[in-house]
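Colleague: I would like to learn how to read a fold from its strand pairings and helix packing. Could we go through one case together?

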Amino acid sequence: MTTEETTNAEQTDVPEHVLAGIRVAILATNGVEQVELTEPRAAIFDAGGTTELVSLDVGEIQAMNHDTEAADVFTVDRAISEVSADDFEALVLPGGTTNPDALRQSTEVVDFVKSFFAAGKPVGVICHGAWTLVEADVVRGRTLTSYPSIRTDIRNAGGIVVDEEVVDDHGLVSSRNPDDLPAFCAKIVEVFAVTRHPVLDAGATADAG
């Protein structure tokens, strides 16, 4: 069974409109791993939610397959300078190596990510996406997983790293790689469905807010 088929199968028991009224920012730029953008976006849409692709600038971004092969081009909905966490109920950070490396160099991106944690809003992150969380200093004391090559960075930033398919630490949902997408997509839908109630411990990251 393909990743796409598995993801669809995972979503069949999700109520059709469980995310009705939920707005999710997907934060990405050039080099984003395509399936880590498209699969969560499809899962959110299938559950009745809406998404906006937020990037460093307006225009288009180039996605990649397996981090090295050019894939599709995606139109950016809004630039980071045009948005705030108040516009959304949740955030998704896809991976790909060059994508988060570029994002974490933007002060506006770092502040945007911090504001989700300060407001107690849920965040989904997969693969190398956690690099941006490290830069925002919001992993301290939290348990999460990631692609193996950035786990030392997470530990150095005070995070607790585990090697699991999907981890939910009080609304911070994380997974390791595209193979984990079925579990990741199912979990973010489950967690985002209760975004009307703060699920992140904002107090734990007050210094980062």
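Colleague: In which sense do β6 and β7 pair, and over how many bridges?

Modeller: This is a predicted model, and two strands are taken as paired if at least two bridges are found between them. Here β6 and β7 are joined by three bridges and pair in the parallel sense.

Colleague: How many bridges join β7 to β11?

Modeller: Four bridges join them, and the two strands run parallel.

Colleague: Which way do the residues of β7 point, and are they buried or exposed?

Modeller: Buried means under 20% relative accessible area. In β7, Val-123 and Val-125 point one way, Gly-124 and Ile-126 point the other way, and all are buried.

Colleague: In what order do the strands of the open sheet lie?

Modeller: The order is β5-β2-β1-β6-β7-β11-β10, seven strands with mixed pairing. An edge strand pairs on one side only, as do β5 (78-79) and β10 (166-169). At the β5 end, two bridges join that strand to β2 (residues 50-55), and the two run parallel. Val-54 is the residue opposite Arg-78 in β5.

Colleague: How many bridges pair β1 with β2?

Modeller: Five, again in the parallel sense. Ile-26 has Leu-53 of β2 as its bridge partner. β1 is largely enclosed by the rest of the structure, because four of its five residues are buried.

Colleague: Which strands does helix α2 lie across?

Modeller: Helix α2 (residues 34-46) lies across β1 (23-27), β2, β6 (90-93) and β7 (123-126), and runs at about 150 degrees to β2. Helix α7 (residues 181-192) lies across β1, β6, β7, β10 and β11 (172-175), at about 170 degrees to β7.

Colleague: At what angle do α2 and α7 pack, and how far apart are their axes?

Modeller: The angle is about 45 degrees and the axes are 9 Å apart. α2 is therefore oblique to α7. The handedness of this crossing of α2 and α7 is right-handed. On the α2 side the contact is made by Val-35, Glu-36, Glu-39, Pro-40, Ala-43 and Ile-44, and on the α7 side by Leu-181, Phe-184, Cys-185, Ile-188, Val-189 and Phe-192.

Colleague: How many residues of the contact of α2 with α7 are nonpolar, polar and charged?

Modeller: Ten are nonpolar, none is polar and two are charged.

Colleague: Where is the place of Gly-159?

Modeller: Gly-159 is in the loop between α6 (151-156) and β9 (160-161). Gly-159 has a relative accessible area of 9%, so it is buried.

Colleague: Which residues does Gly-159 touch, leaving out those up to four places away in sequence?

Modeller: Gly-159 touches Val-139, Arg-140, Gly-141, Arg-142 and Ile-154. Of these, Arg-140 is 19 residues away from Gly-159 in sequence, with 4.7 Å between the two C-alpha atoms.

Colleague: What can be said of the chain as a whole?

Modeller: The chain has seven helices and eleven strands. Of its 209 residues, 51% are buried. Among contacts between residues at least 6 apart in sequence, 70% join residues at least 24 apart.

How values were computed:
Residues are numbered from 1 along each chain as its sequence is written. This is a predicted model: local features need pLDDT of at least 70, side-chain atom pairs count only at pLDDT 80 or more; totals for chains, interfaces and linings use all residues. Side-chain values use heavy atoms; hydrogens and water are left out. Contact means heavy atoms within 4.5 Å. Axes are lines fitted to C-alpha atoms, for helices over the stretch in contact, and angles run from 0 to 180 degrees between N-to-C directions. Buried means under 20% relative accessible area, exposed over 50%, partly exposed in between (1.4 Å probe, protein chains only). Angles under 35 degrees count as roughly parallel, over 145 as roughly antiparallel, 65 to 115 as roughly perpendicular and the rest as oblique. A crossing is left-handed if the near helix is turned anticlockwise from the far one by less than a right angle, and right-handed if clockwise. Ala, Val, Leu, Ile, Met, Phe, Trp, Tyr, Cys and Pro count as nonpolar, Asp, Glu, Lys and Arg as charged, and the others, Gly among them, as polar.
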